Amino acid sequence: MEEEHNSQKLSLFYESGVYSFDDSNAVFVDSVRVLNRFYHRFSVSPSVYYSRFFKTQTTPNAVSSTVTPSLRKRKRRESRPLNERELIALQRHQEARPLLLAAHECLLKSAEVLNALKTLKSESSCSTKECDGGQRSFVDLGHVAPHLEVTLSLRVSDNDADPHPLPKDLDDFPGGQCCVQKVVRAFNNLVANDTQDDAVAEILSNSYVMPRESCFYMSDLGQIRNLIPAHADSGFNLIMVDPPWENASAHQKSRYQTLPNRYFLSLPIKQLTHTEGALVALWVTNREKLRCFIERELFPAWGVSYAATFYWLKVKENGSLICDLDLFHHRPYECLILGYSPGKVNNTDNLSEFKPVKNDRVIMSIPGDYSRKPQIADLLLEHVPGPKPPRCIELFAREILAGWVAWGNEPLYFQDSKYFVKKMVQ
């Protein structure tokens, strides 16, 4: 009986990308499987998505002999009492620690999930072909070429439109399918793939893959108010925010531009909220300065009431943590702060239609590329107020999800064709 139960759960995991552990508040998420549910002609390669952990790594002995001594010397040299803010951060960590350890123990005891992780490297099927691609800086292009255009190639049936020449990214698909092309502004414009199929957006000879029923609005912070709906009942029920917090590491690596905290206070969360309210999900690192800012300034400025905290625990492909759980300045987890933005109507009948979010959920996954967050929308949908399916938006997005609006100054970053493979057999 138990074996059949585990087999059913594993089958569901292969299909959905989400594995829920019995009698636990913990889940494991394979973001690649989640994403690939929403693509038809393309797929995300595990070896590309998880490239940071699939590269050849230095052996543990070599690491300990070259890195550990210098760390020990630095720790002895810089040893000092913790200040007040660091003490509060340590207390938060101590409160979360048992939850994280219990969740990790669930993963380590699950032979089914661990065996599934071992196969990730070999899951780029022989029925796929790598796509060409090359990263461009849309932040720079937005300043030097604000009138840049995007050619959007939408897949349609032969009966829907007259065929046009297929772009080079689609020319090897079989079966006589055709593609309608639209040329629209790339910046300060809502670019939509309103079809049930993947679309390809081409900008300056670079190709970007858009999932079905998705759209993006690429602009700087000053243009975000263009997304405020004319009517509140056209607002959003789920608002995901992944701010480019000021971070010495991110700044040093020049991965993306960061912003001072005060800029986030102006985000029009109230105006974006659906008339029946919205669940707001905010990603944040473990810096106590940011946690205090959110609690004392940001959520009050947005009119958001705190509801719960989720934890994203980062693991390697063998199930081990990416680093020691108790490293003070480099914890192997981040937090997702959840709150509710009230709507403009008090619809008591609607309150029973969604489950209040529970605190202290632990989400485990292998991290993708730098700054890329796990695919957790499935875990939030049952907690979203208002109509179903909900209207969803991600602010400061660097990728586009099916059924979502993505806003930011580089929402196409992880949609570059280099992150995808083409399916050769349909």
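1. Strands (E, at least two residues) and helices (H or I, at least four) are DSSP runs, numbered from the N terminus.

2. Please keep in mind that this is a predicted model, where local features need pLDDT of at least 70 and side-chain atom pairs count only at pLDDT 80 or more, while totals for chains, interfaces and linings use all residues. Residues are numbered from 1 along each chain as its sequence is written, and side-chain values use heavy atoms, without hydrogens and water.

3. The neighbours of β14 are worth a look. Strand β12 (residues 278–284) runs antiparallel to β14 and is joined to it by 7 bridges, with L279 opposite Y340. Strand β13 (residues 305–314) is also antiparallel to β14, through 8 bridges, and F310 has L336 as its bridge partner. Pairing requires at least two DSSP bridges between two strands.

4. Now to helix α1. Its buried residues are N6, K9, L10, F13 and S16. They lie on the same side of α1, because they cover an arc of only 140° around the axis, taken from the directions from the helix axis to the C-beta atoms. Exposed E3 and E15 sit on the face turned away from that buried side.

5. The buried residues of α1 pack against β1 (18–20), β2 (26–29), α2 (31–36) and α8 (111–118), contact meaning heavy atoms within 4.5 Å. After α1 comes G17, with a positive phi near 90°.

Definitions and conventions:
Buried means under 20% relative accessible area, exposed over 50%, partly exposed in between (1.4 Å probe, protein chains only).
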